[in-house]
Amino acid sequence: MSSVFEDSVSTFLANIKPYLDDDSVSEVLVNGPSEIFVERRGKLERVDAKFKDEQALQAAVRNIAQFVGRRIDDENPTLDARLPDGSRVSAVLPPCSRKGTTLSIRKFQKGTPTFVDLIQRSSITKDAARFLDVAIYLAKNMIISGGTGSGKTTLLNVLGSRVPGNQRLIVIEDASELKIHTDHVVFFETKAPDAMGKGGITIRDLVRSALRLRPDRIIVGEVRGPEALDLITAMNTGHGGSMGTTHANTPYDGLVRLETLA
């Protein structure tokens, strides 16, 4: 993180900073000022840390929003943003969040995983990795489906980094968290509207713009709205090998969800 944000964390997030610095913690979940959980190796556990009160917690959330150039207030009670180190932060203010301000910080995992890493963790078999590698080489379209925290982003990082370096790849996300390493890659991120409700740029806007920028492939970090139609259209109009993720429990459910969103 930048030194300025580090100072801000030390001031506003002092109560949970030890968990943000702990490499074994993958996510910090705050359910109001006096209820905090952390995720370690896929398991949730409650910790003793607390915020002084609701005002202190809201001050921390507003400070984060201000630092990353987003708004969270009574008119816009939700926040979805990326921290300087790549971690993803989401928050919801009362009265939408009844137990008090809810905050989630999903920490950025250091390093970019590879198929070898996934095989060593028994997350994927050698045959499955070989199949996916061939599918990437043959420019087959892919949608990765799964629940929250199931590893969709991790797998998409691996697949995106296997795209041949002579192809132009455009990555589009609501809050950037993909770390794809290839020779020719462009990253787009949405923009929230200003206080007057103007100037907002959606994923759908960026997909349409990307189609005019000569992409060989397009990756949408998470498909959860009408941009599903634009991604499907791109997949079928000369941009084979495009990819995205969506929340669904099975491949069939994933296709049904895409249809519903479109």
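Me: Where is Lys 107 placed, and why is Lys 107 called buried or exposed?
Reply: Lys 107 lies in the loop between strand 6 and helix 4 (115–120); helices (H or I, at least four residues) and strands (E, at least two) are DSSP runs, numbered from the N terminus. Buried means under 20% relative accessible area, exposed over 50%, and partly exposed in between (1.4 Å probe, protein chains only). The relative accessible area of Lys 107 is 12%, so Lys 107 is buried. The model is a predicted one, in which local features need pLDDT of at least 70 and side-chain atom pairs count only at pLDDT 80 or more, while totals for chains, interfaces and linings use all residues. Residues are numbered from 1 along each chain as its sequence is written, and side-chain values use heavy atoms, with hydrogens and water left out.

Me: Which residues are in contact with Lys 107, leaving aside its neighbours within four places in sequence?
Reply: They are Tyr 19, Leu 20, Asp 21, Asp 22, Asp 23, Val 25, Ser 26 and Ser 87, where contact means heavy atoms within 4.5 Å. Leu 118 is eleven residues from Lys 107 along the chain, and their C-alpha atoms are separated by 19 Å.

Me: What makes a set of residues a nonpolar core, and which residues have the most contacts inside the largest one?
Reply: A nonpolar core is a set of buried Ala, Val, Leu, Ile, Met, Phe, Trp, Tyr and Cys residues joined through side-chain atoms within 4.5 Å. The largest has 26 residues, and Ile 16 and Val 28 have the most contacts inside it. Among the elements giving two or more residues to this core are helix 2 (17–21), strand 1 (25–31) and helix 3 (54–67). Helix 3 supplies the largest share, five residues. Beyond four places in sequence, Val 28 touches residues including Ile 16, Phe 37, Leu 103 and Ile 105. A second, separate core has 19 residues, among them Leu 132, Ala 135, Leu 169 and Val 171. In soluble globular proteins, nonpolar side chains tend to be buried together.

Me: Which residues of helix 6 are buried, and what do they pack against?
Reply: In helix 6 (residues 152–160), the buried residues are Lys 152, Leu 156, Asn 157, Val 158, Leu 159 and Gly 160. Their packing partners include helix 5 (126–137), strand 7 (142–146) and strand 8 (169–173).

Me: What kind of peptide bond joins Pro 94 and Pro 95?
Reply: The bond is cis, with omega about 5 degrees. Pro 95 is found in the loop between strand 5 and strand 6.

Me: How do you know whether the radius of gyration of the chain agrees with that of a compact globule?
Reply: The radius is taken over C-alpha atoms, and the globule rule is 2.2 Å times the number of residues to the power 0.38. For 262 residues a compact globule would be near 18 Å; the chain has 19 Å, and therefore agrees.
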